[in-house]
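Hi,

Here is the structure I promised to pass on, and below it you will find my notes on what turned up. Have a look at it on your screen while you read.

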Amino acid sequence: MIGVFDSGLGGLSVWNEIINILPNEQIVYFADSGYCPYGNRTREDITQRVKLITDFLISKGVSLIVVACNTVTAASIDYLRENYTIPFVGMEPAVKPAILNSKSGVVGVLATKGTLNGALYKRTLNKYKQGTIVLEQAGEGLVELVEAGETSSAKGRELLERYLLPMLEQGADHIVLGCTHYPFLTKQIREIAGPEVEIVNPAPAVARRTAELLAKNAADSLCNAQSIGSNSSKYTFYTTGANGDIIKKLAACSNCNFADCIHTVSL
């Protein structure tokens, strides 16, 4: 069983990619929407929440956890790997492919403050940046819009234009989505950026890494990757917010009865 969690609903963008390539795995998703957003919280606050969520997911029987949140990965992935024995998949900063593939030499990064200040992002940036101009922008207010289910709102369009147009005017030919909430705004981002700009979403790569770890650990019985294709799917969602209807909207799930699989919890 795979556990996936995020500060809220953004990690469903990763969850959707995982079920595309692992359609028959049991997956438990945890949305900490009651405490969202994490972007301006301290590392200590985030780690405290992450520990509670991780213990909860393990109590449900998961044997691999996908940290589907850039901010949590930046703040707490080292803590998780040092204090738990199960494997964790984090959100790798996607600046590397953007920099390597940029033709203009200008890349835009739209992320939370926590991600932009994270050591993992900075290490990756310093390693690959070289002569590339990397324009960073904190996407204030975007997470809240996705949490409210407003993925096509006028307010979202206004914010995205404010954040993206300066990058585009300076020649950015790649826009890196540094928060798992942002892929749900891709339609508006595409309309603003135009067809020539590459939008870099790390979620598919995270899903592939999850599949690789399942296969790698199958021999040790940590994750039974051999069950793919042999068992019926069962997806369960937990949330600390009152957002079950929005989960239904954002989760591309065709193999579960949402009335039975969404649970609101206090944690």
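Predicted model: local features only at pLDDT ≥ 70, side-chain atom pairs only at ≥ 80, totals over all residues.

**Salt bridges**

Side chains of opposite charge can pair when their charged atoms come close. In this model there are nine salt bridges, and here are a few to find on your screen.

E161 belongs to one of them: its side chain meets that of R157, at 3.0 Å from N to O. Both residues sit in helix α8, which covers residues 154–169, and since they are four residues apart there, about one helical turn separates them. R157 is partly exposed too, at 26% relative accessibility.

R157 also has another partner. It forms a salt bridge with E191, where the closest N and O atoms are 2.7 Å apart. This pair links distant parts of the chain: R157 is in helix α8, while E191 is in helix α9 (residues 186–193), 34 residues apart. E191 has a relative accessible area of 42%, so E191 counts as partly exposed.

Now for a pair in another setting. The side chains of D32 and R49 meet in a salt bridge of 2.9 Å, N to O. D32 lies in the loop between β2 (27–31) and α2 (43–59), and R49 lies in helix α2, so this pair also links distant parts of the chain, at 17 residues apart. Are these two buried or exposed? D32 is at 0% relative accessibility and counts as buried, and R49, at 7%, counts as buried as well.

Rolling a probe the size of a water molecule over the atoms shows where empty space is left. The largest pocket holds about 510 Å³ of space. It is lined by 31 residues, and the closest to its centre are G90, M91, E92, P93 and L120. The elements that give two or more residues to this lining are α3 (70–83), β4 (88–89), α4 (95–101), α6 (119–128) and α10 (203–218). Which of them gives the largest share? That is α3, with eight residues. By type, the lining of the largest pocket splits into 18 nonpolar, five polar and eight charged residues.

The second largest pocket has about 220 Å³ of space. Here 22 residues form the lining, with P37, Y38, G39, T112 and V143 the closest to the centre. Two or more lining residues come from α3 and from α7 (142–147), and α7 gives the largest share, three residues. The lining of this second largest pocket divides into eight nonpolar, ten polar and four charged residues.

Cheers

How values were computed. Residues numbered from 1 in each chain as written. Heavy atoms only, no water. 1 Å grid on protein atoms, 1.4 Å probe; cavity = no way out; pocket = protein on both sides within 12 Å on 5 of 7 lines; lining within 4 Å. Points joined across faces, edges and corners; volume = space filled by probe spheres on them. Nonpolar A, V, L, I, M, F, W, Y, C, P; charged D, E, K, R; others polar. Salt bridge = Lys/Arg side-chain N within 4 Å of Asp/Glu carboxyl O. Buried < 20%, exposed > 50% of the residue type's maximum accessible area, 1.4 Å probe, protein only.
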